[in-house]
Amino acid sequence: MAGDKARLFGELVTDVATCRQCGLCEGAKNRVNGEGDLDSRLVFVGEAPGRREDESGRPFVGSAGKLLDRLLAGAGLSRRGVFISNVVRCRPPGNRKPKGAEVEACSGHLDRLLGIIEPRVIAPMGNSAIEYVFARYGLGEAVIGDVHGKPLRAEAAWGGVTVFPLYHPAAAIYNRSLLGGLEADMTALAGLL
Ligand code: URA
């Protein structure tokens, strides 16, 4: 099974490498597919690569990634034991929020990735990811301040999943008052596994 997943993920990475479905690839140095354990029960979904991610081709390696690593460790999780990806694969210029048409153009890549991993728990981080995951799984509209830290059941193509929305780590860097809640949410999330 793991071998199958590695092969399917390799095919996805190859296809993403030549994707031209939106304009974001024109300014991107690397396409960031995500990384971690393809057999993990838990997938984190962020928004989009930033400068450090664009340079390295890896998700969450800048300041938000360092905080994410700390949050994972605090909850007894590790980057190697989960899978981390984003709504879009290419860095939006100036780190702006990806536009609806860019998210739509990239959506097939994330859907394919999730279909390969078949996670039991999906944790969208921040508004872009929450909007995307809520729309994809028919969960309606979401206000992050209301939905963070609350598990929701949804049906995916491979079976039931728990959607567990989180604030984006970058939000807690800019607004330190969110940090305690994000730590508590991460611990609750780890408790679901
Ligand atoms: N922010 C994101 O949403 N994703 C990354 O990969 C890095 C920062």
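Contact is taken here to mean heavy atoms within 4.5 Å. The structure is a predicted model, in which local features need pLDDT of at least 70 and side-chain atom pairs count only at pLDDT 80 or more, while totals for chains, interfaces and linings use all residues. Residues are numbered from 1 along each chain as its sequence is written, and side-chain values use heavy atoms, with hydrogens and water left out.

With neighbours within four places in sequence set aside, His148 is in contact with Pro165, Leu166, Tyr167 and Asp185. The side chains of His148 and Asp185 make a polar contact at 2.6 Å; a polar contact is a pair of N or O atoms within 3.5 Å, where, within protein, one must be able to donate a hydrogen and the other to accept it, and residues adjacent in sequence count only if both atoms are side-chain atoms. His148 itself lies in the loop between helix H6 (144-147) and strand E5, helices (H or I, at least four residues) and strands (E, at least two) being DSSP runs numbered from the N terminus. The C-alpha atom of His148 is separated by 25 Å from that of Asn33, and the two residues are 115 residues apart along the chain.

The strands form an open sheet of six, with mixed pairing and the order E1-E3-E2-E4-E6-E5. Strand E1 (35-36) and strand E5 (152-156) stand at the edges, and because each has a single partner strand, one side of each is left without a neighbour in the sheet. Two strands are said to pair if DSSP finds at least two bridges between them. E5 is joined by five bridges to strand E6 (residues 159-163), and the two run antiparallel; within this pair, Glu155 stands opposite Gly160 of E6.

Four bridges join E2 to E4, the two running parallel, and Val45 stands opposite Pro124 of E4. The pairing of E2 with E3 is also parallel, over four bridges, and here Gly46 has Asn86 of E3 as its bridge partner. Five of the five residues of E2 are buried, so the strand is largely enclosed by the rest of the structure; buried means under 20% relative accessible area, exposed over 50%, and partly exposed in between (1.4 Å probe, protein chains only). Both faces of E2 are covered, with Leu42, Phe44 and Gly46 buried on one side and Val43 and Val45 buried on the other.

Leu77 is found in the loop between helix H3 (63-74) and strand E3 (83-86), and it is buried, with a relative accessible area of 17%. Apart from neighbours within four places in sequence, the contacts of Leu77 are Leu42, Leu72, Ala190 and Leu193. Although Leu77 and Met186 are 109 residues apart along the chain, their C-alpha atoms are separated by 9.3 Å. His109, in helix H4 (residues 100-117), is likewise buried, with a relative accessible area of 8%. When neighbours within four places in sequence are left aside, His109 is in contact with Leu12, Val16, Cys19, Gln21 and Arg89.

A backbone N or O atom of Glu47 lies 2.7 Å from an oxygen atom of the ligand, and a backbone N or O atom of Ala48 lies 3.0 Å from a nitrogen atom of the ligand. In the side chain of His168, an N or O atom is 2.8 Å from a ligand oxygen atom. The protein covers 91% of the 240 Å² of accessible area that the ligand has on its own, as given by the Shrake-Rupley method with a 1.4 Å probe; for residues, only the protein chains shown count as cover.

Two residues call for a note on backbone angles. Most residues other than glycine have a negative phi. Phe60, which is not a glycine, has a positive phi of about 50 degrees; it lies in the loop between helix H2 (51-56) and H3 and is buried, with a relative accessible area of 5%. Glu118 also has a positive phi, near 50 degrees, but it is found in the loop between H4 and E4 and is partly exposed, with a relative accessible area of 36%.
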